[in-house]
Amino acid sequence: MDNSVHIATEVSGSTGVVRLEGRIDAGVEEALLTAYRELAHRGTTRLLLRFASKCSINSAGIAVMITMVSQSRKNNTPVGVFGLSDHYRKIFEMIGLSDYVEILLDEDAVKRFTG
Amino acid sequence: MARLFDRRVGMMNPRGIDMIFDGVPGAEREAARRAMLFAASCGFSEAQIEDVNTAVEEACRNAIEHTLPDSTVRGIRMVCSFVERVLVIDIQSGGNPFVVPERKPNLRAKIEGREPPRGWGLYLIRTLADRVEFDQKPGTLSVKMTFAIKPVRKTSVRS
């Protein structure tokens with residue numbers, strides 16, 4: 001079974017974008033936090049997590065998301081999330097993460113978030 | 001119940017699954033995939049199939065994490081049955097009992113760094129399944145999840 005994950009970063013204006021594809025679990029923590037720190041170092045003041053359509057997230061992956069949100073809040077960096085499937089959007093709402101990140105439903109919302 | 005299992009591979013029949021898999025990290029995904037296929041064959045909606053997938057994966061992960069190396073119980077056993085539009089999935093293992101929290105994990109405390117960020121698996125299981133029974137006897141653990149087929153909601157489009 002494929003456990004691979006692909007993480008890519010880019011900067012769009014003042015927004016750091018992290019593209020996520022594959023399986024989000026405990027194994028991605030270091031790569032994801034490193035990506036975030038690099039984007040912060042490049043002066044970005046907002047963070048956008050773009051999930052590919054085939055992303056899956058388990059409870060350990062949720063913990064990684066929480067760590068990331070925790071770090072971004074310390075830096076006063078708003079976090080936007082785009083591309084979550086209905087199932088994972090429901091899970092973000094169930095656990096309350098949607099109170100701490102902005103769930104972006106379409107590309108127009110992404111444009112508004114990134115300014 | 002008739003034993004239908006075939007170690008590692010398992011067998012599927014119209015009435016259920018009874019399979020045993022090794023309690024090693026990663027095996028939970030194959031178990032969840034089997035449960036998902038079974039739920040699909042029972043007529044569950046795509047949304048409920050995803051719920052089954054997540055709940056089973058988390059239950060199996062939990063079983064793997066709590067399995068004792070010297071347990072006399074062989075591997076992790078997953079038993080699925082479907083009767084009268086209700087799917088019951090029982091994850092059985094040998095291992096240390098674990099605490100089942102009564103409350104939802106405190107996300108705020110985790111975000112603020114006052115608690116470790118982990119600890120969502122049992123909450124996800126309890127929230128996604130219609131009913132969960134935890135049976136913990138010395139050396140044997142069971143997490144039995146029940147899912148009833150729900151009618152698919154029709155969404156209306158607002159102008």
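**How many of the 115 residues of chain A, in percent, count as buried?** The figure is 50%; buried means under 20% relative accessible area with a 1.4 Å probe, protein chains only. This is a predicted model, in which local features need pLDDT of at least 70, side-chain atom pairs count only at pLDDT 80 or more, and totals for chains, interfaces and linings use all residues. Residues are numbered from 1 along each chain as its sequence is written, chains are lettered from A in the order in which they are written, and side-chain values use heavy atoms, without hydrogens and water.

**View 1. The fold of chain A.** Chain A has 4 helices and 6 strands, taken as DSSP runs (H or I, at least four residues; E, at least two). Their order from the N terminus is β-β-α-β-β-α-β-α-β-α. The C-alpha trace spans about 35 × 25 × 20 Å along its principal axes.

View 2. Chain B gives 22 residues to the contact and chain A gives 23; contact means heavy atoms within 4.5 Å. The two chains bury about 2,000 Å² between them, 60% of it on carbon and sulfur atoms. Buried area is the accessible area (1.4 Å probe) lost by two parts on being put together, summed over both.

**View 3. A salt bridge across the contact.** B:Asp51 and A:Lys90 pair through their side chains, 2.6 Å from N to O. Between chain B and chain A the count is 2 salt bridges, each a side-chain nitrogen of Lys or Arg within 4 Å of a carboxyl oxygen of Asp or Glu.
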